[in-house]
Amino acid sequence: MNLNGRRKSSNIVDRRSRAGNIGKIAGGGGIVALLIGLAFTFFGGGGSNLNIGDIINSTGMLSGQGQSSELTAEDQELADFTSTILAGTEDVWTELFRQNGMRYEPPRLVLFTGSVQSGCGGASASMGPFYCSADRAVYIDLSFFKNMRRDLGADGDFAYAYVIAHEVGHHVQYLLGTLDEAHEKMSRMSKSDSNKTSVRLELQADYYAGVWAHHDNKMFGSLEPGDIEEAVNTAQKIGDDYLQKQAQGYAVPESFNHGTSAQRQRWLQKGLSTGNFSGGDTFTPSYSSL
């Protein structure tokens, strides 16, 4: 990505020198929340006595093992990059909301190492990035990007930007009322139907990530050759079907809660190609047509 001369966001909160308590997470659900669902499926559901970190580490994917508490030059580079991407989401969504007669209120982005306490409870780094609607904040341990490269073969600056933009997409859903409405309905649904609604939420967040990239490129000329391929490759590697097959050799469609590789790629690319704020309705189409 071409980010030369771009501003950095003032909505970054750096907690990398402090560790929080480990508890449970609520809110929008990050890209790697699908690994939690995958792992629970793999280990036979919620009856296991393992905690979330143990379960994810047992899958061998995105475990965060070997993480050092000492900040490096690479850590600072990733922090600067994250701040610049967050600023880009602020610029794009402020303008898109304005065009649609609304006011955009940007989220904070909290950098942490190891564990953190959010308005939704505690979390460990092994859970990956997540959005907490209780305090309107995105939380990221930057070691996640290194683990993406090492464990999934998903690498590149636009791949990392996609992760950030996806979580900001959940914030957009929160501001529009979509997130709370979906979660309220999910609380009254069967597990299978709740998973399907979760898929719809996640695919819409992928779409919003694509919309952001479309307009960020339009505003700043940020995309370079190969960038789109990086993000599409990442979308493929984090599909529920791909991850389940990698972990256990087969997929269990009724347990999907983020969408298949093909679905995630399709909605990301749709947002990228159209840039249409209102074109990401993942709730009206039949589930089979997503």
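How many helices and strands make up the secondary structure of the chain? Good morning, everyone. The answer is 10 helices and six strands, where helices (H or I, at least four residues) and strands (E, at least two) are DSSP runs numbered from the N terminus.

Please note that this is a predicted model, in which local features need pLDDT of at least 70 and side-chain atom pairs count only at pLDDT 80 or more, while totals for chains, interfaces and linings use all residues. Residues are numbered from 1 along each chain as its sequence is written, and side-chain values use heavy atoms, with hydrogens and water left out.

I begin with the chain overall. It has 290 residues, and 55% of them count as buried; buried means under 20% relative accessible area, exposed over 50%, and partly exposed in between, with a 1.4 Å probe and protein chains only. Contact here means heavy atoms within 4.5 Å. Among the contacts in the chain with a separation of 6 or more, 78% are between residues 24 or more positions apart.

Let us turn to strand β6, residues 137–140.

Which strands pair with β6? Two strands pair if DSSP finds at least two bridges between them. Strand β2, residues 108–112, pairs with β6 in the parallel sense over four bridges, and Leu111 stands opposite Ile140. Strand β5, residues 130–132, pairs with β6 in the antiparallel sense over three bridges, with Phe130 opposite Tyr139. The hairpin of β5 and β6 has four residues between the strands, and there Arg136 takes a positive phi near 50°.

Finally, helix α7 holds Asn195. Is Asn195 buried or exposed? Asn195 is buried, with a relative accessible area of 6%. Leaving aside residues up to four places away in sequence, Asn195 touches Glu254, Ser255, Phe256 and Asn257. Thank you for your attention.
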